[in-house]
Amino acid sequence: MSTRNVARFWECGRKIICVGRNYAEHARELKNELPTEPVLFLKPPTAYLKEGSPILVPHYSSNLHHEVELGVVVGKAGREIPQTSAMEHVAGYALCLDMTARDVQDQCKAKGLPWTLAKAFDTSCPVSDFIPKERIPDPAGVELWLKVNSVTRQRGSTAQMIFSVPYLISYISGVMALEEGDLILTGTPKGVGAVHEHDELQAGIDGVINMTFKVGRRASEHN
Ligand SMILES: O=C(O)/C=C/C(=O)CC(=O)C(=O)O
Ligand SMILES: [Mg+2]
């Protein structure tokens, strides 16, 4: 895969690997215990959304939540990558939203079922443009923020992550091969909350990038 294609990672059709409960204050706000190893789940490539198109509330949810996260774009494939060389596999970053149907997730948790309906629906992964690695010299020193209708909901530093980016790359690559163009969502800081149709979400990394998405609802294709 060429450098140009990694820069358009959302077109590569690669996997999106998400880490959950990676910030203590967020784990506590949802009344979860702190993890002793990373909590992983996946989103399909159809979850990708670029600026200019709306986030679509799934028809089966009435409590869609925002989660702003640092995304890590994989630039070099690997398996069982040691932490010491993990950063060599990073091409760059993206600002990402892990849109979550919280009501559905709560039902899945209560029934002991996977989170696919809550996390993997179309448009559940809005992403910024590709951020080259040089723009973020230290992934543990990134300030993320998110506003809904101009009101700040989330602000947090990746310094608060329980598991670091090199640890996550090493851990994930011991479970599944990482491929060029894969995206790793590294978890959200505290402050998650509901969004509704017509809301406007703005998110940013201080001094690096910002992005805006509207919330819409999918018109039925069968009427
Ligand atoms: O366990 C829960 O109630 C919710 C967990 C998440 O949604 C995890 C994340 O996606 C995250 O922490 O970013
Ligand atoms: Mg998340």
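A polar contact here is a pair of N or O atoms within 3.5 Å; within protein, one must be able to donate a hydrogen and the other to accept it, and residues adjacent in sequence count only if both atoms are side-chain atoms. The model is predicted: local features need pLDDT of at least 70, side-chain atom pairs count only at pLDDT 80 or more, and totals for chains, interfaces and linings use all residues. Side-chain values use heavy atoms, without hydrogens and water.

**View 1. Polar contacts of ligand 1.** An N or O atom in the Arg102 side chain is 3.1 Å from an oxygen atom of ligand 1. For Gln105, a side-chain N or O atom also lies 3.1 Å from an oxygen atom of the ligand. For Glu67, a polar side-chain atom is 2.8 Å from a ligand 1 oxygen. Alone, ligand 1 exposes 350 Å², and the protein buries 99% of that (Shrake-Rupley method, 1.4 Å probe).

**View 2. The shell around ligand 1.** There are 17 residues around ligand 1 (a heavy atom within 4 Å). Arg21, Asn32, Glu67, Lys109 and Lys119 come nearest. By class, the shell holds four nonpolar, six polar and seven charged residues. Helix H3 gives the most, three residues (helices are DSSP runs of H or I, at least four residues; strands are runs of E, at least two).

**View 3. The magnesium ion (ligand 2).** Its protein donors are Glu67 (OE), Glu69 (OE) and Asp98 (OD), 2.0 to 2.1 Å away (N, O and S atoms within 2.8 Å of the metal, or 3.2 Å for Na, K and Ca). The donor spacing in sequence is E-x1-E-x28-D. Glu67 and Asp98 link distant parts of the chain, 31 residues apart. Glu67 sits in the loop between strands S5 (64-66) and S6 (68-74). Asp98 is in the loop between strands S7 (90-97) and S8 (100-101).

Terms used
Residues are numbered from 1 along each chain as its sequence is written. Chains are lettered from A and ligands numbered from 1 in the order in which they are written. Ala, Val, Leu, Ile, Met, Phe, Trp, Tyr, Cys and Pro count as nonpolar, Asp, Glu, Lys and Arg as charged, and the others, Gly among them, as polar.
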